[in-house]
Amino acid sequence: MATFNIRGKNIEITQKLREYVEKRVGKIAKYFDKVDEISVFLEVEKDSHIVEVTANIYGGLVLRGEESTGDMYTSIDLVVEKLERQIHKQKTKLERRFRAGGFKGEMIEEQKLRAEREEEADSAEYPIVKTKRFVVKPMDVQEAIMQMNLINHSFFVFRDAQTEEFCVVYKRKDGAYGLIESGN
């Protein structure tokens, strides 16, 4: 069973809400042999009920999803659906990645990155409103694109497995992908 880290902002995490989060979000664990930790951040901002889920899967894979609606329980349900769609969409690549085991591909047929939360920094002209810290691990471009899609970001920083150089893959407006390589 995955370890849950459930935090909130402008909301009380009641026992009922905690149990609902663990039951619904815990569904994604059925796709993998081992899920290290599932971080869930719940926030109420005006009329928006925002849910951010980050699941750290054994082997360094990260799934991420975010949803916002007028109801916290609806946001939780929608973020789980989004994560399951990401898993379904990346099924073949996940099976290849976890050839030695870990990914339960048959579950789809049936149905060490950690983000740090908002840290405000003072800056005169360009305020930094959020800082994230993560381990940059060696991988190939295709794995980096898969990882970017799984965390639902428009870019992903990684270290090229062959050259050990830092690179960035990004999603272009036309739907294609781009690669930025560091060089001397």
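**Close-up views of a predicted model**

**View A. Residues lining the second largest pocket.** In this predicted model, the second largest pocket is lined by Lys-82, Arg-85, Gln-86, Lys-89, Gln-90, Asn-149, Asn-152, His-153 and Lys-171. The volume of this pocket is about 180 Å³. Helix H2, which spans residues 72-89, supplies the largest share of the lining, with 4 residues. Sorted by class, the lining of the second largest pocket contains 5 polar and 4 charged residues, and no nonpolar ones.

**View B. The aromatic pair of Tyr-20 and Tyr-73.** A search of the whole structure finds 1 aromatic pair. Its members, Tyr-20 and Tyr-73, are arranged edge-to-face, with 4.8 Å from centre to centre and 75° between the planes. Tyr-20 belongs to helix H1 (residues 15-25) and Tyr-73 to helix H2, so the pair ties together parts that are 53 residues apart in sequence. Tyr-20 is partly exposed, because its relative accessibility is 24%. Tyr-73 also counts as partly exposed, at a relative accessible area of 27%.

**View C. The open sheet of 4 strands.** The strands follow the order E5-E6-E7-E8, and their pairing is mixed. Strand E5 (138-139) and strand E8 (177-181) stand at the edges; each has a single partner strand, and therefore one side of each is left without a neighbour in the sheet.

**View D. Strands E6 and E7.** Strand E6 (residues 155-160) and strand E7 (residues 166-171) run antiparallel and are joined by 5 bridges. Across this pairing, Arg-159 stands opposite Phe-166 in E7.

Key: Residues numbered from 1 in each chain as written. Predicted model: local features only at pLDDT ≥ 70, side-chain atom pairs only at ≥ 80, totals over all residues. Heavy atoms only, no water. 1 Å grid on protein atoms, 1.4 Å probe; cavity = no way out; pocket = protein on both sides within 12 Å on 5 of 7 lines; lining within 4 Å. Points joined across faces, edges and corners; volume = space filled by probe spheres on them. Helix = DSSP H or I, 4+ residues; strand = E, 2+ residues; numbered from the N terminus. Nonpolar A, V, L, I, M, F, W, Y, C, P; charged D, E, K, R; others polar. Phe/Tyr/Trp six-rings, centres within 6.5 Å; stacked < 30°, edge-to-face > 60°. Buried < 20%, exposed > 50% of the residue type's maximum accessible area, 1.4 Å probe, protein only. Pairing = 2+ DSSP bridges.
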